[in-house]
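Keep the model open as you read.

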Amino acid sequence: MKKHLFNLKYIAAGVMVSLASCVSDDLPEVGDLPDFTGPTPFYSYSDVTSSEFDCNDIELAANYDYFFQAGTNLAVNGIQYDWTITPDTGVVLINKDLPVLEQSIAAVDATVVGIQSEIDKLEFKIPCESDPAKQAVMQQQVDDLKVQLAAAEANRSDETIQAIQDFEEQITNLPPATLQDREVIFQFPGPGVYDVVLKVTDKLGKSEETVKTVNVLQAVPTIPVPEISEAGFEDNDLFDGSGDGRDSWRVPSNAAWSPLGGGTTVPQINSNSELGSVPEGYQSAKFPSGGDRVAYQEIEVTPGATYVISYFTAFNLDNPGEMTVSILTPNTSSYAESLLPENIIVSRTETNTDRIPDVFKKHAVTFDAGTNESVIIYVTNSGDEYRLDAFEISVKN
């Protein structure tokens with residue numbers, strides 16, 4: 001049977017060769033045929049808008065830039081692209097290579113650019129800071145960074161200087177962007193609705209159009225990430241280099257905020273000599289099983305924003321116990337008020353059931369700021385000793 005199959009394969013192959021030998025490109029209507037396929041245009045775009053706001057969220061500048069990329073189904077016959085924008089008043093065309101070259105300069109001059117970026121961040125924050133002590137510290141940081149900046153500029157290597165000059169020359173020699181570029185950046189004059197038409201024409205004169213409505217939205221301030229001070233309970237972690245790891249977590253009043261009605265309420269600090277034994281640094285906050293210690297910190301938030309706060313906990317497992325992390329409204333003024341539903345934005349209670357002794361586990365809570373410009377992080381425990389470390393907060397998109 002196998003022998004017969006083997007012979008059939010060769011017979012089939014022979015037939016194919018015979019048929020192929022009968023085909024001639026000289027015969028009419030045989031061989032390559034002209035391509036009568038017309039173009040099918042398509043395009044994509046991405047928002048690369050940049051903007052700048054002051055600390056009162058007043059817009060200082062905005063560039064409403066959109067990067068457009070055209071395409072077509074044709075790989076042959078030559079292709080011509082034509083863009084039309086309606087309305088086109090005030091629209092500026094930017095060569096697509098300009099941002100790439102600008103980023104290339106930043107990459108080769110990374111040290112100088114990095115220091116300047118830190119200076120810009122601090123100089124933005126200083127007018128927004130109401131605490132004179134913090135302003136003074138930040139101003140000193142700016143002064144120190146400017147010394148570093150001058151040194152970094154003076155220490156640029158010849159290779160770096162030459163690379164910067166080469167990129168700047170390429171920027172100078174960039175051809176102007178046109179409405180016939182396959183890839184182009186449109187800078188719109190401001191928010192609004194624009195019809196963008198792409199027309200594709202092949203060398204046979206056939207053309208087709210596609211149109212999309214582009215809604216350019218008003219630039220909005222970036223929601224700042226709030227600061228949780230001494231988030232890892234480390235010494236010397238305050239803005240001025242001081243602090244014992246828990247200074248930012250003290251309640252306004254021991255008598256008002258203690259679950260037991262008074263005494264010292266600030267967390268204890270548990271220190272470790274080996275890096276990596278706790279989630280962050282060498283220290284974590286410790287809460288004895290009696291429940292007389294709490295953690296309290298009020299942080300600034302942006303009204304209307306949604307946030308995620310994460311943290312790590314570990315239990316001793318000496319007794320059944322639990323711990324609670326609550327996000328409270330800023331008008332909450334006592335432990336008793338912290339238990340009222342109207343003051344609790346979100347709360348998470350964790351028990352030590354099924355936990356492993358002294359092993360940290362990460363948790364998170366999500367909350368909406370609502371109309372609040374600040375919220376209170378409040379932590380309590382009962383029944384068993386536990387430790388707390390490595391708070392983080394992020395803006396939820």
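Start with Arg 246, which is partly exposed at a relative accessible area of 21%. That is just a label until you recall the cut-off: buried means under 20%, so Arg 246 with its 21% counts as partly exposed. Its side chain meets that of Asp 244 in a salt bridge, 3.1 Å from N to O. Asp 244 is partly exposed too, at 25% relative accessibility. Bear in mind that you're looking at a predicted model.

That pair is one of eleven salt bridges found in the whole structure. Another sits in helix α3 (residues 110–125), where Lys 121 and Glu 118 lie three residues apart, about one turn of the helix. Their closest N and O atoms are 3.5 Å apart. Lys 121 has a relative accessible area of 46% and Glu 118 has 37%, so both count as partly exposed.

Now look at Arg 182 and Glu 183, which form a salt bridge with the closest N and O atoms 3.5 Å apart. Here Arg 182 is partly exposed at 40%, while Glu 183 is buried at 16%. The two also belong to a network of salt bridges that links them with Lys 96 and Asp 97.

On to the strands. An open sheet of three runs in the order β4-β7-β8, with antiparallel pairing. β4 (79–86) and β8 (207–216) are at the edges with a single partner strand each, so one side of each has no neighbour in the sheet. From one strand to the next, the twist averages 20°. Ten bridges hold the pairing of β7 (residues 192–202) with β8, and Leu 198 stands opposite Thr 210 in β8.

Strand β12 (residues 306–315) is mostly covered, with seven of its ten residues buried. It runs antiparallel to β15 (residues 361–368), joined by eight bridges, and Val 308 faces Thr 366 there. Eight bridges also join β12 to β17 (residues 386–395), again antiparallel, with Thr 313 opposite Leu 388.

Leu 388 takes us into the largest nonpolar core, which has 29 residues; Leu 388 is among those with the most contacts inside it, along with Ile 309 and Phe 391. The largest share, five residues, comes from β17. Beyond its neighbours within four places in sequence, Leu 388 touches residues including Phe 233, Tyr 311, Met 323 and Val 379. A second, separate core has 21 residues, among them Tyr 64 and Phe 186.

Note on methods:
Residues are numbered from 1 along each chain as its sequence is written. This is a predicted model: local features need pLDDT of at least 70, side-chain atom pairs count only at pLDDT 80 or more; totals for chains, interfaces and linings use all residues. Side-chain values use heavy atoms; hydrogens and water are left out. Buried means under 20% relative accessible area, exposed over 50%, partly exposed in between (1.4 Å probe, protein chains only). Helices (H or I, at least four residues) and strands (E, at least two) are DSSP runs, numbered from the N terminus. Two strands pair if DSSP finds at least two bridges between them. Axes are lines fitted to C-alpha atoms, for helices over the stretch in contact, and angles run from 0 to 180 degrees between N-to-C directions. A nonpolar core is a set of buried Ala, Val, Leu, Ile, Met, Phe, Trp, Tyr and Cys residues joined through side-chain atoms within 4.5 Å. Contact means heavy atoms within 4.5 Å. A salt bridge is a side-chain nitrogen of Lys or Arg within 4 Å of a carboxyl oxygen of Asp or Glu.
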